[in-house]
Amino acid sequence: MSQQKSQPNLRPISLAALTVIELTPPQMVQCAADAGYDFVGLRLIPATDTEVRYDFIGDTPLKRETLAVLKDTGIGVLDGEILRLKPDTNVADYMAMLETSAELGARYVLVAGNDPDETRTADNLAKLCDLAAPLGLTASIEPMPWTDAKNITQGARIVKAAGRANAGLLVDPIHFDRAGSSTDELRALPREYFRYLQFCDAPAERPKDLETLLHQARAERLMPGQGGLDLAGILRALPDDIPISIEVPMENWAKTAKATERALKLREATLAVLDATYGAA
């Protein structure tokens with residue numbers, strides 16, 4: 001696909017839940033619409049024990065409200081978060097989350113590998129994909145250096161071993177960099193693994209301890225183009241038409257700027273990086 005035909009700097013843009021985590025799901029949808037996004041990501045299952053847990057799976061008032069705002073705004077749901085594959089995971093327990101994601105119109109569900117047994121992780125990913133396929137969902141595993149699926153090469157091994165057409169691999173620039181992965185590794189992998197891309201920036205210097213690594217990733221990333229990550233290299237190493245999910249938690253900025261203002265500036269910064277990488281449309 002040529003850059004001229006695909007116009008990679010005009011690809012769909014999604015607002016990830018973590019960027020505006022202080023909002024309720026319906027508010028996230030409205031924020032995405034107000035800030036000019038095409039999609040929103042919704043966190044149906046909290047990533048940590050300290051996050052707010054919403055009554056959102058199944059037939060609940062909050063889900064019905066979210067569906068109404070989606071219809072009113074025309075915003076689509078890109079992905080639902082977050083499914084963890086642990087040693088004791090029974091994948092069937094995630095069926096209600098998958099069904100809710102599909103009802104919301106999601107295309108993908110985000111998966112974390114929290115099992116030191118890579119073979120079991122791949123087997124569980126395959127089972128998850130089998131449940132997700134009839135719902136039109138792709139299960140994309142996101143390597144993170146503090147999880148058991150630490151880097152892009154390991155993530156790719158898991159996807160390959162799972163052997164399912166709807167198994168995907170999700171790149172997040174901060175995790176990609178902190179794991180020491182390279183764009184050469186990305187270019188060597190099958191294009192069909194990559195369905196969408198998360199986007200953020202961070203300081204070039206890698207944290208020296210786990211506490212700083214986690215804090216940076218979960219609370220204080222940088223606006224695209226304001227850090228030292230090789231965003232252009234990552235973009236060029238991936239398919240140039242996949243949607244971009246902007247995931248930039250910035251807790252200090254959130255104390256002084258409303259969610260819509262932050263979302264708008266992050267979208268503008270992302271478009272500027274795309275223009276600089278591919279050339280203005």
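Student: How many helices and strands does the secondary structure of the chain come to?

Tutor: In this predicted model, the secondary structure of the chain comes to twelve helices and eight strands.

Student: What makes the chain as compact as a globular protein of that length?

Tutor: The globule rule gives 19 Å for 281 residues, and the radius of gyration of the chain is 18 Å, which is close to that value, so the chain is as compact as a globular protein of that length. Along the principal axes, the C-alpha atoms fill a box of roughly 45 × 45 × 40 Å. Buried residues make up 56% of the 281 residues, and among the contacts with a separation of 6 or more, 82% are accounted for by residues 24 or more positions apart.

Student: Why is the pair of tyrosine 108 and tyrosine 196 called stacked?

Tutor: A search of the whole structure finds one aromatic pair. The ring centres of tyrosine 108 and tyrosine 196 lie 4.7 Å apart, and the cut-off for a pair is within 6.5 Å; the planes are at 20 degrees, so the pair is stacked, given that planes under 30 degrees apart count as such.

Student: What makes this pair a tie between parts that are apart in sequence?

Tutor: Tyrosine 108 belongs to strand E4 (residues 108-113), while tyrosine 196 sits in the loop between helix H8 (183-187) and strand E7 (197-199), so the pair ties together parts that are 88 residues apart in sequence.

Student: Are tyrosine 108 and tyrosine 196 buried or exposed?

Tutor: Both tyrosine 108 and tyrosine 196 are buried, a term that stands for under 20% relative accessible area.

Notes
Residues numbered from 1 in each chain as written. Predicted model: local features only at pLDDT ≥ 70, side-chain atom pairs only at ≥ 80, totals over all residues. Heavy atoms only, no water. Phe/Tyr/Trp six-rings, centres within 6.5 Å; stacked < 30°, edge-to-face > 60°. Helix = DSSP H or I, 4+ residues; strand = E, 2+ residues; numbered from the N terminus. Buried < 20%, exposed > 50% of the residue type's maximum accessible area, 1.4 Å probe, protein only. Rg over C-alpha atoms; globule rule 2.2 N^0.38 Å. Contact = heavy atoms within 4.5 Å.
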